[in-house]
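User: I would like a close look at one residue and its surroundings, followed by a connected account of the rest. Please give the cut-offs as you go.

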Amino acid sequence: MDAFLSGAAQVLAPATLLYMLLGSIAGIIAAAIPGFTVTMAIVLTLPLTFSMEPLQGIAVMLSVYVGGYTGGLISAALLGIPGTPSSVATTFDAFPMARNGEPGRALSIGVWASFFGTLISTAVLIVAAPPLAIFAVRLGPWEYFSLIVFALTIVASLVGSSLQRGLIAAMIGLAISTIGTDPILGRPRFDFGLEVLAAGLPFLVVLIGIFAISQLASEVEDADAIKRGEKLVQGEISFRTWAVMREVLMRPVNLVRSSLVGVAIGALPGAGGSIANLVAYDQARRASKTPEAFGKGTPDGVVASEAGNSATAGGGLIPLIALGIPGSAVDAILMASLMVHGISVGPRLIMDNADLVYGMFVAMTVASLMMLVVCVLSMKSFLRVAEVPKWVVVPVVLVCCVVGSFALNNRVTDLYLLGFVGLFGYALRALDYPLAPLVLGVILGPIAETNLRRALMTDGDWSLFLTRPVSLVFLLAAAASVAWAVRSHLTARRARDSAKESA
């Protein structure tokens, strides 16, 4: 109790609360700009915390962390462009909802889902950090590969009306992920001797090009609409915060399930929000009584994605606090911050620095509250984007995309790749190919390849994928997922055929 009170007192100090508020605002703004990820915001924050007390610095970075996971919602809902990789699935329903005249509702649902997802993940972090961390670090490359195989079956839920086109898009994404340097041996491959491809296609460049550039290009197709000053999002910009809160709470199963998915995936080193939001969205769609509503603006899709990605913030801290193993790049930066202050991160962290650990728990809760307050109070400002004509929004967002892509590696060649990928994404969109499976393939491809090769380099026996219990469970889940998806598509096809015959 003394350690808890000491940590809480440090976090609730006026100076710390002020710094956390500024961090929360910075995280939200950074993540709302396409290309400026949560990791980039944390990296920029790290030097500013060196002169602070250890817990104060960690609290500020946690505020940026939590705010960043929510900030990606803003551009996803209003522009159809995921602000961060962890908000890819949010675009599937938040943007259609905004386009249907409810931008305020889309944003409010996402903000409340993020808030509750962070709270649930913090509760799990407090209660189950040691056992979950021990389980997570016992997983080998066999289990990780099988997990990614299961995650890849999400493609079947994202293919839209054509299974063939969705699978082709996913295969293109997997192929893109193999371009560049071999992740194990460091040798160049599939670069065709072109210097521009020698370093591969950075994931963020692909994400921005596929979603942002193609979306912006499609927005300016109608020259007459541009001349008329047509808005990007039509509809009323009002929002009802408390009514939407009740709407989110009326979906307790979806909210808790998605949050737990985020916690579990966040606790796995190297996974993170980019996978969690897609898995949570997929599970919500499979459990729904109206799966056909997903992708058309259903609240369940927004709740699942935002609760899932925000819950990874607490999940990622589980292996960090319990065993000193960072679950993501952001957690590695938090770990580096502690080490700069001379704090040893490992299994004895909670015993030697109990006030620091309990302070982190309090900071997570306070950061989620600050994120909620900031978003609610600034909601009208965010929604003003809906009143800006396309001829203003499109070039401004395009500039942000270009700057974000260049800032990633400071390479001019990335801008050439951005233009090419953007045009390619626009062509796929025009041909009615779903873009989500392609992005999923780019995300999961390198993780699957790396873990498969590590498993085979450790032991060449393929049967280990089936004899290791956790790996077998993931593979069986993948098989069941594929069977369910095929059954659903066949049922939907029969329903369409019967509808045509009756017509």
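What is the relative accessible area of Val-206, and does that make the residue buried or exposed?

Analyst: This is a predicted model, in which local features need pLDDT of at least 70 and side-chain atom pairs count only at pLDDT 80 or more, while totals for chains, interfaces and linings use all residues. Residues are numbered from 1 along each chain as its sequence is written, and side-chain values use heavy atoms, with hydrogens and water left out.

Val-206 has a relative accessible area of 1% and is buried, where buried stands for under 20% relative accessible area, exposed for over 50%, and partly exposed for what lies in between, with a 1.4 Å probe and protein chains only. The residue is placed in helix H10 (residues 203–219); helices here are DSSP runs of H or I with at least four residues, strands are E runs of at least two, and both are numbered from the N terminus. Setting aside residues up to four places away in sequence, Val-206 touches Ile-176, Leu-201, Val-421, Leu-438 and Val-442, contact being heavy atoms within 4.5 Å. The C-alpha atoms of Val-206 and Ser-177 are separated by 9.8 Å, although the two residues are 29 residues apart along the chain.

Arg-189 belongs to strand S2 (residues 188–189) and is buried at a relative accessible area of 17%. Its side chain is joined to that of Glu-449 by a polar contact of 2.6 Å, a term for a pair of N or O atoms within 3.5 Å of which, within protein, one must be able to donate a hydrogen and the other to accept it, with residues adjacent in sequence counting only if both atoms are side-chain atoms. Glu-449, itself buried with a relative accessible area of 17%, also forms a salt bridge with Arg-453 at 3.2 Å from N to O, a salt bridge being a side-chain nitrogen of Lys or Arg within 4 Å of a carboxyl oxygen of Asp or Glu. The two partners are four residues apart in helix H22, and so about one helical turn separates them; Arg-453 is partly exposed at 21%.

The whole structure holds 12 salt bridges. One of these joins the side chains of Asp-432 and Arg-165, at 3.5 Å from N to O. Because Asp-432 lies in the loop between helix H21 (413–430) and helix H22 (436–458) and Arg-165 in helix H9 (residues 163–177), this pair ties together parts that are 267 residues apart in sequence. Both ends are partly exposed, Asp-432 with a relative accessible area of 48% and Arg-165 with 32%.

A salt bridge between Arg-286 and Asp-282, whose closest N and O atoms are 2.7 Å apart, stays within helix H14 (residues 273–287), where the two residues are four places apart, about one turn of the helix; Arg-286 and Asp-282 are both buried. Gln-283, also in helix H14, is partly exposed at 22% and touches Phe-150 and Arg-257, residues up to four places away in sequence not being counted. Elsewhere, Glu-102, Arg-105, Glu-247, Arg-251 and Asp-300 are linked in a network of salt bridges.

The nonpolar residues remain. In the largest nonpolar core, which has 75 residues, Leu-62, Tyr-65 and Leu-317 touch the most other members, and helix H18 (residues 354–377) gives the most to this core, with 14 residues. A nonpolar core is a set of buried Ala, Val, Leu, Ile, Met, Phe, Trp, Tyr and Cys residues joined through side-chain atoms within 4.5 Å. Neighbours within four places in sequence aside, Leu-62 is in contact with Leu-317, Leu-334, Met-360, Ala-363, Met-364 and Ala-367. Apart from this core lies another, of 54 residues, including Trp-142, Phe-294, Leu-435 and Ile-443. In soluble globular proteins, nonpolar side chains tend to be buried together.
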